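Please examine the sequence and the three-dimensional model shown below. The report that follows is meant to be read alongside them.

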Amino acid sequence: MNKSIQTLIDRLEQNHALTEAEYAALITGRTEEAAAYLAEKARHARRRVYGDQVYIRGLIEVSNICRNDCLYCGIRRSNTNCARYRLTAEQILSCCRSGYALGFRTFVLQGGEMDTHMVDAVCRVVRAIKAEFPDCAVTLSLGEYPAEAYQAMFDAGADRYLLRHETADRAHYQSLHPASMSFDNRMRCLRDLKATGYQVGCGFMVGSPGQTAQTLAKDLKFVETFAPAMCGIGPFIPHRDTPFRDKPAGSVELTLYLLSILRLIRPTLLLPATTALGTLRPDGREQGMLAGANVVMPNLSPPDAREKYTLYNGKLHSGAESAQQVAELKQRMSAIGMRVVTDRGDAAAG
């Protein structure tokens, strides 16, 4: 292994910080040997904080109706081939009941970005979940809203909020989104979420069109300085009904490498091995764990909703990706020395 790359990895393990230029050098200097060395360090850092525990989240895809028109997303507003749906409150509660019986103690309500007038409905659902399952955490992943909307959902009982920043480079952000969306507003949302008191998650796509080692270095520096509780990353996968339909998918290997870097930047991170990893590689979830991840989010959504929530081509929603197959997931995690636990799985302090 290149000595300078080893030195950067060792410094990152010790200091949990590098310069943007050093992050870029670490990315461009990736080799199989460097990735193996980095992954070993990442697993050690995770074990010190979380042991061998894997936290499971029950993912409920509440709606694929979205007001935005992001260039990479299959549920973008202008996709007329998307069969739209919105789950009722009772359907969502039914998913939670099924998940609770299977051992889930965090429910993630994810969906397309709704109009602000729908926030009251979200608050009612969150209150109902917390009333029926007081020992569970509720995570929302519903997009950009004014600060007062975030406050209302927090006051209703939501514990966490996932809002991927997608890219920390302003020009790159604008190349992925319509003119109606702005980098400044995305950053404002993340600041507001943190100020409100949520456990906040950010994240980015790996291999999105126009991404470079320099833009990825900005992402890593942003995670380092923003210090989120969670960070979700996964390889970009194109969708047939978007402007990026012919763009190549992101690299699984680079995603795994970046997971390891993120673990060393912030050892307490809740770091998912995402569905996108499993979509591109049959053992993607396991490889994510071996790179330093500690969270998986099997799907609790009704089967017909899973088929309609198509963010990208070939998105997995069955097998170990299905919450109902949690026994299979436990076996697969056990095979790599990890242990699925029934726990809220809050981020460790630090």
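The text below describes the chain as a whole and then its strands and helices.

This is a predicted model, in which local features need pLDDT of at least 70, side-chain atom pairs count only at pLDDT 80 or more, and totals for chains, interfaces and linings use all residues. Residues are numbered from 1 along each chain as its sequence is written, and side-chain values use heavy atoms, with hydrogens and water left out.

**The whole chain**

The chain has 14 helices and nine strands; helices (H or I, at least four residues) and strands (E, at least two) are DSSP runs, numbered from the N terminus. Along the principal axes, the C-alpha atoms fill a box of roughly 55 × 45 × 35 Å. Of the 350 residues, 58% are buried, where buried means under 20% relative accessible area (1.4 Å probe, protein chains only).

**Strand β3 and its neighbours**

Strand β3 is mostly covered, with six of its six residues buried. On one side these are T106, V108 and Q110, and on the other F107, L109 and G111. Strand β3 pairs with β2 in the parallel sense and with β4 in the parallel sense as well; two strands pair if DSSP finds at least two bridges between them.

| Pair | Residues of the partner strand | Bridges |
|---|---|---|
| β2 and β3 | β2: residues 58–63 | five bridges |
| β3 and β4 | β4: residues 137–141 | five bridges |

L59 stands opposite V108 in β3, while T106 has A137 in β4 as its bridge partner. The chain crosses from β3 through helix α5 (residues 119–132) to β4 in a right-handed β-α-β crossover. Strand β2, helix α4 (residues 89–102) and β3 also make a right-handed β-α-β unit. Right-handed means that, with the strands pointing away from the viewer, the path from the first strand over the helix to the second runs clockwise.

**The three-stranded sheet**

An open sheet has the strand order β8-β1-β9, with parallel pairing. Its edge strands, β8 (295–296) and β9 (339–341), each pair on one side only. Three bridges join β1 (residues 53–56) to β9, and Q53 has R339 in β9 as its bridge partner. Helix α14 (residues 326–334) packs on the sheet, touching β1, β8 and β9; contact means heavy atoms within 4.5 Å.

How values were computed
Axes are lines fitted to C-alpha atoms, for helices over the stretch in contact, and angles run from 0 to 180 degrees between N-to-C directions. Buried means under 20% relative accessible area, exposed over 50%, partly exposed in between (1.4 Å probe, protein chains only).
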